[in-house]
Amino acid sequence: MTMDGLDPQRFLSALLRMGIDRYVSGRQEALTLATLKAQVGACTRCELSRSRRSVVFGEGDEAARLVFVGEAPGEEEDRQGRPFVGRAGKLLDQMIERIGLHRKDVFICNVLKCRPPNNRDPDPAEVDVCKGHLFAQLELIRPHLICTLGKHAYNTLLGVDARITRIRGTLTSYKGTRLLPTYHPSYLLRNQAAIKEAYEDMEKVKTLLAEDRG
Ligand code: URA
């Protein structure tokens with residue numbers, strides 16, 4: 001018996017009337033970035049789902065060799081439903097250009113998919129329920145290199161509690177994928193002196209991607 005073309009509730013009621021109380025569908029929907037996006041878009045697993053205007057899933061090349069991971073959407077990102085479209089986003093665009101790439105060539109996402117009110121830091125409980133979305137994104141995209149922006153992305157992926165000033169620019173790996181941490185663009189807007197180091201990190205990203213091409 002198939003469920004095709006039937007309302008799922010009516011289908012299950014019909015099975016129950018026949019004395020069948022278990023049904024295992026033979027169809028398994030393959031998880032793609034599009035299906036994941038739909039799932040994340042319906043997420044209500046934390047309080048942020050009540051205050052958000054948009055779920056900011058992330059955007060870019062679904063087969064990107066380079067993924068940037070930020071912290072959480074801000075006001076403008078929440079309004080537009082897109083990552084890094086405010087002031088910090090303009091600086092991220094410049095950083096990407098330093099690598100010789102454009103936004104459309106990479107994938108950009110965040111640890112949290114919904115905006116914390118008043119741009120406060122992500123709460124550890126929010127990170128805990130949301131990080132699975134990020135892990136799934138990385139599994140589907142399978143990039144050659146991950147560039148984390150700021151401490152939250154780095155600490156979430158590696159399950160540590162490191163200070164960004166200690167670890168930035170130090171190559172490590174996440175589940176076998178190379179990971180290079182750099183400063184968050186919002187931090188760079190407040191600490192212009194650190195931009196030089198962030199640009200050095202982008203040079204490193206460029207070299208690592210070139211090496212990978214062999
Ligand atoms: N800061 C982030 O961490 N992510 C965004 O999308 C925008 C600002």
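The model I am reading is a predicted one. I listed the residues around the ligand: Gly70, Glu71, Ala72, Pro73, Gly74, Glu77, Pro83, Phe84, Gly86, Ala88, Asn110 and Ser186.

Next I looked at the chain as a whole. I found ten helices and six strands in it. Of its 214 residues, 35% are buried. I also checked contacts between residues at least 6 apart in sequence, and 70% of these join residues at least 24 apart.

Then I turned to the core. The largest nonpolar core has 41 residues, and Val67, Phe68, Val69 and Cys147 touch the most other members. I noted the elements that give two or more residues to this core: S2, helix H5 (87-98), S3, H6, strand S4 (145-149), H7, strand S6 (177-182) and helix H10 (195-213).

Setting aside neighbours within four places in sequence, I found valine 69 in contact with Cys109, Asn110, Val111, Leu134, Ile146, Thr148, Leu149 and Ala153. Asn110 is also one of the residues around the ligand.

Helix H6 took another entry. H6 covers residues 124-141, which is 18 residues, and spans 25 Å from first C-alpha to last, close to the expected 26 Å. I found a kink of about 40 degrees in H6, centred on cysteine 130. Which residues of H6 are buried? They are Glu126, Cys130, His133, Leu134, Gln137 and Ile141. I recalled that an α-helix has 3.6 residues a turn, so residues three or four places apart point the same way. The buried residues of H6 pack against helix H2 (33-41), helix H3 (48-51), strand S2 (66-70), strand S3 (107-110) and helix H7 (151-158).

My last entry is on proline 116, which I located in the loop between S3 and H6. Is proline 116 buried or exposed? Proline 116 is buried, because 21 other C-beta atoms lie within 10 Å, and 20 or more are enough to count as buried. Leaving out neighbours within four places in sequence, I found proline 116 in contact with Leu48, Ala72 and Pro122. Ala72 is also among the residues around the ligand. I checked arginine 52 as well: its C-alpha is 8.1 Å from that of proline 116, although the two are 64 residues apart along the chain.

How values were computed: Residues numbered from 1 in each chain as written. Predicted model: local features only at pLDDT ≥ 70, side-chain atom pairs only at ≥ 80, totals over all residues. Helix = DSSP H or I, 4+ residues; strand = E, 2+ residues; numbered from the N terminus. Expected span 1.5 Å × (residues − 1). Bend = angle between axes of the 7 residues up to and from the residue. Buried ≥ 20, exposed ≤ 12 C-beta atoms within 10 Å, placed from the backbone. Contact = placed C-beta atoms within 7 Å. Near = placed C-beta within 6 Å. Core = buried A, V, L, I, M, F, W, Y, C linked by C-beta atoms within 7 Å.
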